[in-house]
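Work through the exercises below with the sequence and the structure at hand, and try each task before reading the solution under it.

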Amino acid sequence: YNSMKKDASTASEKDMKHLDTEILNIIEQKKEDTKFLSTNPLLLEACNEKSVEPEPFNMEEENSSLYKDLYKDLYGEFERYGNTHPEVQYVYMGTASGGYILWPKDRAGLKSDFDPRLRPWYVNAVNNPGSVVFTEPYISLDYNHTVSVSTSTCIRDDSGRIAGVLSIDVNLKILSQLVNSKAIGSKGYIFLYDKNGTIITHPDAELIYKNIKDLNSNDKETFMYAIKDYGKFLDGKSTEFETSSSGKPVIVKVYTSSYTGWKMASVIAKSELLKKANDIGYAIASVVFCFIVASILVANRATKRITKPLTEMTTLMQLAGNGNLNVKSKIESTDEFGQLARSFNSMINKLYVTYEELTSVHEELIATDDELRTQYDELQQKEEALRLSDERHRLALDGSNDAIWEWNLQSNDFSCSDKWQEILGHPPREKLTLQFLISEAVHPDDVDKAAKRLDAHLTGITDFFNAEFRVKQTDGSYKWIYCRGKALRDVEDNPTKMAGSVTDISLRKESEEKMRHMAFYDSLTDFPNRTLFMKILTEELVRSNSGGEKGAVLFIDLDNFKYINDTLGHDYGDRLLQVFAEKLKTIKKSYDTLCRLGGDEFIILHPFKEDDDIEAYAEELLDIFNNTFEVQGKQTYVTASIGIALYPRDSIEANTLLKDADTAMYKAKELGKSTYSIFDNEMYLHLERKTHVEAALRTALVRKEFFLHYQPQYNIESMEISGFEALLRLNSSELGFISPAEFIPTAEDTGHIVDIGEWVLREACTRAMEWQRRGFKFGYVGINLSPVQIQQPDFLDKVRKLIEDTGINPESIELEITETFLMKSLDENMNTLHQLRDMGFKIALDDFGTGYSSLNYLRTIPIDTLKIDKSFIDDIRAGNKEEAIIESIIHMAHSMNLTVVAEGIETELQVSLLREKQCDRLQGYLFSRPLPVSEIEKLYAQK
């Protein structure tokens, strides 16, 4: 019973710890969601609206279409998040002026004088402005009076001032489902409550948000869960006790969460464990009864078996006593009777043999004379065999690679074979000891080891003497030998004589040294390789940890080295790495360790005393690349990116330190290469975020998490919609809404942009066909193309297949490219653009003015539309430099029969100046944000 009680307690504690982890994961996920949603620029824009009154914020009541759009967009963001997270009950925001925005639009529980700034979620967030906080469970103000917990965080403006608070309500029903899913025994259960005793989850939903002490009331609804000693539920962090529930004994295990402070209690009936214990008792009694019956049967049979051999032996002894020596016992058992039978048979046999021997003695005496003659002949043969054996022994010694020796420990006489001088380089002496040889001829570094092994054998500690050591030759050089021997001992276990062999192992040692060098050193640069470097680094970190020393790991990666291998060949690249390695040696400090990790990656372990030393050292490394490298008569310019991790500041674990240096190196490459970067935790968080985004991209297409918004472009004269630009959006089920500025570069780096771009083309073309079929009037749909997508060998084939599958007229599609892409592999890219135009597509040059802006190339590239980048539009004013630049761009474009589109229009002044400059189309938030398909269709439905 005690064992089952302990097992039940352990199992329930394990379940409660698992539940605690799951509850923590839910709260942490909501914190991350709250933090992410708070970065949406629409929140800050809503907080700064001066028209917001201290009442629920509803921009639908405003007259301005801009206000309505802002409310719809913001409410839409809340709605998308809430619909994709079923555990979320409310998403809402309170502003510093008392304004309030709520999803869903349910205000039944709000009073007319409701002020969000007085709510716990708002106050907690303001009191903790640098973090995401969550409240204790509370009853929501909606008509359902559900129990919820809120996570909230501050919304800050550009100056750091708190402009409002964003909060998410999580319905604690999901916690009830988690807790109720854990079965404790057959009828036991777990319930969750806070530190004050308020029940958060319970198998009986009617008890939620009641206090534990209320269970002991006489209320019939709660009597079945009434538990004595309810005070013990609130004492201590974790405890176990026995009490009673509804008058029946129960076992209670209480667990306290170290994160939330909430408590969980498992309740299991004591009778359930007692029943199992009684069942086991009955089983034991049955087994004992069966064992007693079986023992009686076995004892009866054994008695009969014992008496049978006694009767048989009595009969045989009577026959032998009468002179019959041919009798024999047939008992073959291994017990005492078997031993008695064998002794009896042996005695009879000896009597019989003695009789036979006496009769044959006479015959043996006659044969003795013949045997003596035969033995004399055999002695002569053995003498001849001994002579032949001695000759074979000498031949074996001469043909062996080893020198054989023998040492008389009592007289110090020493003898050896002729190979002795050839192997050791010293002539043998009649009076010689191994101690003398070791002390006089063995290398000083090997003397102690060889002498200890010889002493260990002579004193009887080891069975054999064997040692490898270097012996000095007559010319002063040393040779590796292997000496092995064994001593003979007298009756008092003292060594009297010792014999053994000596083998020349110089070639094997030389081979082992070469193999060791190959295992730990790079064959190209002769620097330590990764294996040896990690060993050295680990030892240095141990020394640093005990002695308080500091140091750095510098991770050096040559920039664009693959391009050198591809253009000049790998032999040239290898020689370049050797030249670089030689230059590293010139600035290497005496205490530094250089390592080639592989490819074009090098590592330096650099201990230092002052923190400023590392930056100066990094600058010195970068100075190597200020001049060109001369390899095979060619001058090559190379740069490098350096990542630096410091110990013990960043880590005292070798693998972690190397990973941190690698992360810092990639940060240096992001900063433009040819520089260095020192690791900090923000780099790791950035890399971790990028890893999460990359993981989300792998499954986003399958999960249908991508969608398109369409931003209208307007004709500047008629102010009618002339077309749309399709803009890609991503709402991950795990990370929520991800900005295109974040996920598109990651998709291009990882290659996912190829499949994503193909989906965008197909989706936009299919939507354009649908709108044309429904009679919507527009000229084109603009689709952005990624450089990675266009450079795929089968890109044009996929476009032709797309036209065939969708039936789209290419003239209704405008493909947008950037200047930067165009100038890379200009001839090849221009050929691709010509083929796209031959199919009927329009080509637009996006973000004009931010790239190369080469007017010479602009005349020859096959484009139809020029899109002026928003950076030129933002500061345009009458008479300033931007106005003159835009006027020149428009005039130049019109002279080449190009259509001009201005992006990022936000003010009427911009419209007026662009109309004056005769710009063709306008696009920007002043007219419309990027809209989902449903909103676009509403625009046409209103006409």
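**Exercise 1: a salt bridge between two elements**

Task: Glutamate 468 and lysine 509 meet through their side chains in a salt bridge, at 2.9 Å from N to O; find which elements the pair ties together.

Solution: The model is a predicted one, and that holds for every value that follows. Begin with the cut-off, since a salt bridge needs a side-chain nitrogen of Lys or Arg within 4 Å of a carboxyl oxygen of Asp or Glu, and the 2.9 Å of this pair meets it. Glutamate 468 itself is partly exposed, at 22% relative accessibility.

**Exercise 2: salt bridges within a helix**

Task: Work out how glutamate 510 and lysine 514 are placed in helix α12, and how arginine 543 and glutamate 540 are placed in helix α13.

Solution: As a starting point, side chains of opposite charge can pair when their charged atoms come close. In the pair of glutamate 510 and lysine 514, the closest N and O atoms are 3.7 Å apart, and because the two residues are four apart in helix α12, about one helical turn separates them. Glutamate 510 is partly exposed at 43% relative accessibility, while lysine 514 is exposed at 52%.

For the second pair, the side chains of arginine 543 and glutamate 540 form a salt bridge of 2.4 Å, N to O, and both residues lie in helix α13 (residues 530-547), three residues apart, or about one turn of the helix. Arginine 543 is partly exposed, with a relative accessible area of 43%, whereas glutamate 540, at 6%, is buried. Elsewhere, salt bridges with shared partners join Glu468, Arg508, Lys509 and Glu512 into one network; in total, the structure holds 54 salt bridges.

**Exercise 3: the second largest pocket**

Task: Describe the lining of the second largest pocket, and say which element gives the most to it.

Solution: Start with the space in this pocket, which comes to about 660 Å³. Its lining consists of 13 residues, and those nearest the centre are Glu32, Lys35, Phe36, Arg689 and His692. The elements that give two or more residues to this lining are α1 (2-37) and α18 (681-700), with α1 giving the most, namely six residues. Sorted by kind, the lining residues of the second largest pocket are seven charged, three polar and three nonpolar.

**Exercise 4: backbone exceptions**

Task: Locate the cis peptide bond that joins tryptophan 103 and proline 104, the one that joins tyrosine 647 and proline 648, and the positive phi of lysine 673.

Solution: Keep in mind that most residues other than glycine have a negative phi, and most peptide bonds are trans. The bond between tryptophan 103 and proline 104 is cis, with omega about -5°, and proline 104 is found in the loop between β2 (100-103) and α4 (120-127). The bond between tyrosine 647 and proline 648 is also cis, with omega about 10°, and proline 648 sits in the loop between β22 (640-647) and α17 (654-670). Lysine 673, although not a glycine, has a positive phi of about 65°; this lysine 673 lies in the loop between α17 and β23 (676-678) and is partly exposed, with a relative accessible area of 30%.

Notes:
Residues are numbered from 1 along each chain as its sequence is written. This is a predicted model: local features need pLDDT of at least 70, side-chain atom pairs count only at pLDDT 80 or more; totals for chains, interfaces and linings use all residues. Side-chain values use heavy atoms; hydrogens and water are left out. On a 1 Å grid over the protein atoms alone, a cavity is a set of points where a 1.4 Å probe fits but cannot get out, and a pocket is an open set with protein on both sides within 12 Å along at least five of seven lines; lining residues have an atom within 4 Å of a point. Grid points are joined across faces, edges and corners, and a volume is the space filled by probe spheres set on the points. Ala, Val, Leu, Ile, Met, Phe, Trp, Tyr, Cys and Pro count as nonpolar, Asp, Glu, Lys and Arg as charged, and the others, Gly among them, as polar. Buried means under 20% relative accessible area, exposed over 50%, partly exposed in between (1.4 Å probe, protein chains only).
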